Structures are given as structure tokens and as C-alpha cells.
Amino acid sequence: MDASSPQNDGVLLLPEVLLLRPSALALPFTAGLGAHFRLLDPLDSPEPARSFLSSRCRAVRALLCLFSPALPVKAETLDLLPSLELVVVSSAGLEHVDLPYCRRRGIAVTNASAAFCEDGADYAVGLLIDVMRRVSHGDRFVRAGSWPVQGELPLGFKLGGKRVGIVGLGSIGSETAKRLASFGCNIAYYSRKERLHVPYTYYANVHDLAANSNILVLCCALTEDTRHIINKDVMSALGNEGIIINVGRGALVDEKELVQRLVRGEIGGAGLDVFEHEPKVPDELFVMDKVVLSPHRAVFTPESLEGVQELIIGNLKAFFSNEPLRSLVQYE
Amino acid sequence: MAADPESSGGPPPLRRRAAPCVLLLRHPPHFTLIDRPLPDGFRFLKPWESPLPFDDFLASDDVRSAEAILTSQGVPVTADMLRRLPAVRLVLTTSAGLNHIDLAECRRRGVAVAGAGEVYSEEVADLAIGLLIDVLRKVSAGDRYVRRGSWSGEGEFALGSKLGGKRAGVVGLGRIGLEVAKRLEAFGCTVSYNSRKKKPYVLYPFYSDVRELATNCDVLVICCGLNEQTHHMINREVLLALGKEGVIVNIGRGSIIDEKEMVQLLVQGELGGAGLDVFENEPKVPEELLALDNVVLSPHTAVFTTESLSELCNLVVGNLEAFFSDKPLLSPVLDE
């Protein structure tokens with residue numbers, strides 16, 4: 001018998017978990033979760049959200065935040081949950097959670113980056129090889145029947161020996177660095193704080209990183225500090241042959257500036273999985289061969305989604321059994 | 001200035017003898033693509049600049065004095081050609097592949113052969129991995145989806161599949177195969193291989209039979225050369241053994257795979273996907289492939305980066321200068 005689940009008239013009551021999710025999301029996880037927890041979903045109730053929370057969730061100890069929820073995990077929501085002790089986040093990023101607030105109230109937060117980081121890194125490297133070696137361009141070229149008629153593709157560029165600057169050395173950034181090292185790239189990084197015991201060169205600001213790199217790979221979260229972190233100055237520092245790979249968030253890059261530079265030939269190429277106003281993609285990019293465009297899926301594979309579900313359930317079960325959480329976010 | 005050759009006791013410096021004649025079967029694109037002129041100190045004989053048909057050109061006195069032949073991938077050096085050019089002592093190719101050279105005849109005649117050595121190995125390995133990631137994670141397919149305006153945030157486009165944990169079989173564990181294996185490991189794949197012979201210092205599991213390798217793998221990467229034994233080695237049975245979810249990547253030569261069978265299996269859904277840089281009848285690509293989303297097609301670009309071409313040109317010049325100074329070749333093809 002599971003010691004954490006209260007019994008009532010012989011019926012095993014599953015622990016309650018408040019579910020905050022985007023309104024349109026077709027839920028891939030609920031079937032799996034429903035077997036272990038009783039989910040309280042304000043979007044499923046005719047009651048207005050605030051009323052639902054105040055009347056039904058006063059005893060709720062755990063909250064599951066799925067992707068970008070309709071109700072933000074911030075003060076206005078959290079103030080209505082006096083018993084809350086745990087926030088479980090399903091995404092790699094934590095931008096929709098007010099971390100300082102959670103820290104002040106002693107609420108533990110778990111993230112899911114461990115489930116996504118390898119796939120995210122694989123994809124970042126895939127985008128980079130694609131840009132440098134013209135893989136999608138070549139595929140387009142062959143499919144259009146151009147190979148016999150037009151001869152050769154323009155030359156590509158070797159990865160080995162190139163200086164790669166990783167922006168954000170979290171789990172995705174670290175896995176990306178490890179892979180690129182096997183291609184013979186020289187790795188440097190920028191992070192909020194220098195990481196000890198890491199064999200890569202550290203730069204305290206993105207501008208210096210860009211000035212010393214041929215390629216930038218963006219793997220960091222979007223916060224107030226990182227919004228448009230790749231701006232005009234950084235792009236100038238990277239140079240005309242520079243390449244930008246973005247598997248973070250569109251708004252990490254001043255997209256308008258990037259597009260203009262691509263048009264003017266002031267940047268070498270880009271592999272973009274995310275855009276500032278997705279799914280809208282700037283028209284100018286559709287006709288460029290030196291960019292690779294991707295519909296926001298760097299971290300998503302059936303395997304990673306299964307991994308996320310497992311991690312969510314694992315964290316919640318550990319919490320309700322008073323065991324150590326599997327992916328606790330350490331407050332800095 | 002060069003010392004008096006008699007007193008130095010060494011072979012005459014390149015400049016002092018008549019420029020060696022080199023038969024150039026095709027102007028190497030590797031030089032033109034990076035605007036590199038052919039090296040001085042050699043007389044290059046160019047069939048395309050002659051009004052004579054090729055047979056007559058070969059028979060001319062000028063060409064019969066050729067001491068070396070410089071060729072490229074796909075331009076054959078046949079036994080007949082070697083018989084007609086008895087002064088040839090060296091065949092040099094710009095390619096890593098040697099299937100277009102009659103090696104047995106070269107051996108019989110004591111003609112040295114030199115190729116691209118290891119100049120391309122990393123680049124080719126990089127592209128192999130790029131093709132693999134592209135097929136598994138649908139990178140080009142995703143790019144097509146976005147470019148045609150289909151991305152509307154409703155997630156109809158199917159997700160790809162994770163690399164990590166996949167069992168990868170490398171066919172041919174030469175320098176390219178080893179570079180591919182190293183990269184596959186960094187992505188969390190487990191690596192096994194098939195080769196003519198088991199490699200003594202390699203820890204990856206060895207399969208002497210390529211079909212057995214395919215049975216035990218999710219992914220096959222073809223890194224071997226084309227010869228009589230490897231022609232159509234990847235046949236229907238091997239591809240079926242790889243299976244419905246299986247992916248094949250080919251950066252070797254098109255004819256290592258029975259292309260007709262592969263196309264049929266891809267169309268029928270009996271093979272999961274393919275990343276192909278080479279084809280049996282390049283630049284002809286089977287039309288059925290153009291309609292498939294689970295294949296990535298590349299116009300034989302694996303060696304074409306500015307960096308590798310530059311190194312290759314240096315190697316060609318280096319080999320010619322070494323050979324005609326009686327020094328060892330830089331990238332001789334060794335008998336195995």
C-alpha cells in the first residue's frame with residue numbers, strides 16, 4: 001500500500017495535483033498521470049479560474065506546469081495556493097515560473113531539461129552541419145532536378161577547427177559542446193557564471209564570445225536579461241562569415257537585425273528552430289539558401305516526450321513519498 | 001641556386017630535367033573550384049584540348065611519353081590505357097575511392113598508385129552524421145514544411161526520432177568509418193561494424209556478415225570502397241534485415257547498394273529512411289525518391305569543402321613533386 005495516499009472508506013485516494021496548461025494543448029500526458037494522481041484542471045471547470053483555485057485548491061501541495069500555461073505560475077496564481085510546496089515544470093525552460101517568488105516561499109521547483117537535452121543537442125548539431133555543409137540546400141537542389149543541369153552546389157565548410165561559442169552552458173549547451181568536440185571544433189562559452197571543471201574557454205560576455213568565434217549556438221533560456229542578447233553589436237563581432245544556430249527562444253535574437261544582415265550578406269548563415277513571432281517566419285528567409293528553417297522541434301522526439309512524462313511522474317511520486325526529487329532546480 | 005648535381009650525388013632537382021609529362025584525364029575540379037592553377041614544373045597533356053579522338057590522342061608520340069596519369073573520381077584508368085602508355089609509372093587520383101582504377105594491372109606493371117589519402121576523412125564523416133541526423137530528425141523535411149508556408153502552430157508535422165540509444169552499424173572501418181564511429185558515440189549510439197577483416201585494436205563488436213550486422217542495427221552507415229566484393233553488397237536481404245524503422249546512410253559509392261531494391265523498399269515502407277550522397281548512375285537520381293519525405297538526397301558533395309579541396313590540391317602537387325624527385329609518395333595506396 002502506498003503510504004502517501006490517504007485511504008477513505010477503503011478507496012485509495014490518489015494525491016492531488018493542480019494542472020496548469022495551455023488552453024489549446026491536446027494533452028499527451030494526462031492518461032499516464034491520471035493513473036497516479038488526481039488532476040485538478042481549472043480549464044476543465046465552468047468556474048472562473050481564480051474562483052476554482054481559491055475554493056478547491058487550498059490544500060493542494062503540488063502543481064504541474066505544462067509548457068506555457070494559460071494561468072502563469074506567478075504571484076497572482078501562487079498567492080491563491082497557501083499549501084503549495086512543489087512546482088513541477090514540463091519544459092526545458094523556466095521562463096513562465098516566478099523563481100524568486102518560489103524561493104521566498106520555500107516552494108521547490110523541478111524542471112525537465114534532463115529529458116530533452118540530448119535531443120536538443122543532436123538537433124543543434126544537425127542544424128549546424130546542415131548550414132555548413134548545405135544539406136537541405138543540396139536536397140532541394142537534387143529534388144528540383146538541378147544536379148544534372150546546373151552542375152555543382154557551392155562549396156561547404158569544414159566543421160573541424162572552427163571556433164564554436166555556446167551561449168548558455170546548461171544541459172543542452174553541455175551536450176552540444178560534447179558532440180561538437182568530437183567533430184574537432186574548439187569550444188568556448190558564455191554563461192551567467194563560469195562553470196568550474198569544464199574544459200572550455202569562458203567569456204564573461206556574449207560580445208567577446210562572438211568576437212572569438214566563427215559560430216554561435218544559442219542554448220540558453222529566455223529571461224529579461226537574455227532578451228535580444230544577440231543584438232547588432234554581437235552580430236558585428238561575429239562577422240560576415242559568422243553562423244548562428246538558435247535552439248533556444250526566438251527572442252534571444254534581434255530577429256529584424258538578423259534578417260537584414262542575412263539579406264546584406266553581413267552574416268554567413270543561420271539555422272533557426274525558433275522565431276520571435278512563431279509560427280510566423282520573416283518572408284526574406286524563404287528564398288535564402290544559407291538558412292535552415294525549422295518548426296520549433298529541437299527538443300521534441302517521441303523518446304523525449306516519454307522521458308518528460310516519466311520525469312514528471314518520478315518527481316511527483318518522490319515528493320508524495322518524501323523522497324529526494326529527481327530534477328530539483330538549484331536556486332542561485 | 002641549385003648545386004651542381006654531379007657533386008651533390010642526389011637525383012637532379014625537378015627544375016633541371018625536362019618537365020615530366022602528366023596525362024590529365026580530366027581537369028580536376030578540385031583545382032578550379034578554389035581557383036588554384038595547376039602546378040609548374042610539369043607538362044600536362046589534356047585530351048580535351050586536342051582535335052584528335054581520344055584513342056588517337058593516346059597513340060600520339062607526345063602522349064606515349066607520359067610518365068604519370070592524373071585522374072578524378074569516375075574517370076577510369078583501364079588496363080588497356082596502361083598497356084598503351086608503357087612509360088607511365090604513377091597513377092594519381094584526386095579521389096579517396098579507387099574503383100575507377102585497374103589496380104591489378106597497376107600492380108602487374110609496377111605502377112605506383114596514390115590517392116587522396118586521409119584528406120577527406122573528417123569531412124566525409126561529418127556529412128554522414130549530418131545526413132543521419134537529417135533523416136532521423138527530419139531536418140530538411142522540416143525546412144521544406146516551413147518554406148512552403150505549412151507551419152501554423154498546430155503541430156501536424158510528425159516528430160523525428162532520437163539518435164541516442166540507436167544501434168549503429170558501420171560498414172567499412174577504414175579512416176572514414178572510424179571517424180564516423182567516433183562521432184556516433186558522442187551522440188549516444190552504440191557502434192558495431194562489418195569489414196573485410198576484423199580490426200585488431202578496435203573494441204566495437206565485429207560482424208563478419210553484413211546481413212547479421214543489419215539485423216542487429218537500427219542504422220547502417222556505408223563507409224567502404226567499391227570493388228567486386230562490395231558491389232551490391234547491400235542487397236534486398238540486408239535492407240529487409242535493417243527493417244521498417246531502419247535507416248541507411250551512404251557516403252561510399254552508389255553501387256555498394258542495390259539501388260533498385262532500396263528504392264522499392266523505401267516506397268513500400270519496408271525500409272525506414274535513407275540519407276544518400278552517392279547514386280548508381282549519378283547525377284541521375286531515381287525519380288521515386290524525389291517524392292519521399294523520409295530520404296535526404298545530396299549531390300555527391302561529401303568531399304567538397306574549401307578546406308578539404310585546398311588540402312587535396314596540396315597533396316596532388318606534393319605527390320607529383322615527391323615522385324619525380326624519387327622521394328616516397330605522400331599518400332601511396334598500399335596493398336592489403
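Visitor: Which residues of helix 8 of chain A are buried?
Guide: They are I172(A), G173(A), E175(A), T176(A), A177(A), R179(A), L180(A) and S182(A). Buried means under 20% relative accessible area, exposed over 50%, partly exposed in between (1.4 Å probe, protein chains only). Helices are DSSP runs of H or I with at least four residues, strands runs of E with at least two, numbered from the N terminus.

Visitor: What sort of model is this?
Guide: A predicted one, where local features need pLDDT of at least 70, side-chain atom pairs count only at pLDDT 80 or more, and totals for chains, interfaces and linings use all residues. Residues are numbered from 1 along each chain, chains are lettered from A and ligands numbered from 1 as written, and side-chain values use heavy atoms, without hydrogens or water.

Visitor: What do those buried residues of helix 8 pack against?
Guide: In chain A, helix 5 (113-133), strand 8 (163-167), strand 9 (186-190) and strand 11 (215-218).

Visitor: How far does helix 8 of chain A reach?
Guide: Its 12 residues, 171-182, reach 17 Å from the first C-alpha to the last. That is close to the expected 16 Å, which is 1.5 Å times one less than the number of residues.

Visitor: And what comes just after helix 8?
Guide: G184(A), with a positive phi of about 85°.

Visitor: New topic. Where is D119(A)?
Guide: In helix 5 of chain A.

Visitor: Why does D119(A) count as buried?
Guide: Because its relative accessibility is 0%.

Terms used
Contact means heavy atoms within 4.5 Å.
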